[in-house]
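Reader: I have not seen this structure before. Could you take me through it step by step?

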Amino acid sequence: MINIYTDGASRGNPGKGGYGIILQHNKHYKELSAGYRLTTNNRMELLACIVALEALKKPNLTISIYTDSKYVVDSINLKWVFAWIKKADFAKKKNKDLWLRFLAVYKQHQVTMVWIKGHNQHPQNERCDELATQAADGDNLLIDEAYENQLN
């Protein structure tokens, strides 16, 4: 079983953003983070889950993703995203690019999405929040091209 903890943050919504990830498997522990110059909180929450799953080297793993994002958890657990992609207006859906990327990697594993209350002294969630906010406040921010292109 692999446990993944994620969090996304934005300084303004939209604004500078970042994500933080902890990957844990037995004694193995890895942290990942990145910051973006202009994005949204929901994009960073979802991107954290994507990057975490993409970081895994083997397919067909059993994974639990713990996140404080109801947007992400409910979209999967309540099967909203699976209904969205079947509809003609999915092309107009917010964060379509990230949802397609998420689904491509999600279906390679057995993933359980678990909601945890944010800012509630959960050690891994607090650390992911720290990673995400530090990334958002950092230098050399990346460009969320899909988001910035949709604004133009």
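**Overall fold**

Author: Helices (H or I, at least four residues) and strands (E, at least two) are DSSP runs, numbered from the N terminus. This is a predicted model, in which local features need pLDDT of at least 70, side-chain atom pairs count only at pLDDT 80 or more, and totals for chains, interfaces and linings use all residues. Residues are numbered from 1 along each chain as its sequence is written, and side-chain values use heavy atoms, with hydrogens and water left out.

Reader: How many helices and strands does the protein have?

Author: There are six helices and five strands.

Reader: And why is the protein called as compact as a globular protein of that length?

Author: Its radius of gyration is 15 Å, close to the 15 Å that the globule rule gives for 152 residues, so the protein is as compact as a globular protein of that length. The radius is taken over C-alpha atoms, and the rule is 2.2 Å times the number of residues to the power 0.38. Along the principal axes, the C-alpha trace spans about 45 × 35 × 30 Å.

Reader: What share of the residues counts as buried?

Author: Of the 152 residues, 47% count as buried. Buried means under 20% relative accessible area, exposed over 50%, and partly exposed in between (1.4 Å probe, protein chains only).

Reader: Let us turn to the backbone. Where is the cis peptide bond?

Author: The cis bond joins Asn13 and Pro14, with omega about 15 degrees. Pro14 sits in the loop between strand S1 (2–12) and strand S2 (15–25).

Reader: Which residue has a positive phi although it is not a glycine?

Author: Lys79 is one of them, with a phi of about 65 degrees. Asn95 also has a positive phi, near 65 degrees, and is a residue other than glycine.

Reader: What about pockets? How much space lies in the largest one?

Author: About 340 Å³. On a 1 Å grid over the protein atoms alone, a pocket is an open set of points where a 1.4 Å probe fits, with protein on both sides within 12 Å along at least five of seven lines; lining residues have an atom within 4 Å of a point. Grid points are joined across faces, edges and corners, and a volume is the space filled by probe spheres set on the points.

Reader: Which residues are closest to its centre?

Author: Of the 14 lining residues, the closest to the centre of the largest pocket are Ile2, His25, Ala55, Leu56 and Lys57. The elements that give two or more residues to this lining are S2 and strand S3 (28–39).
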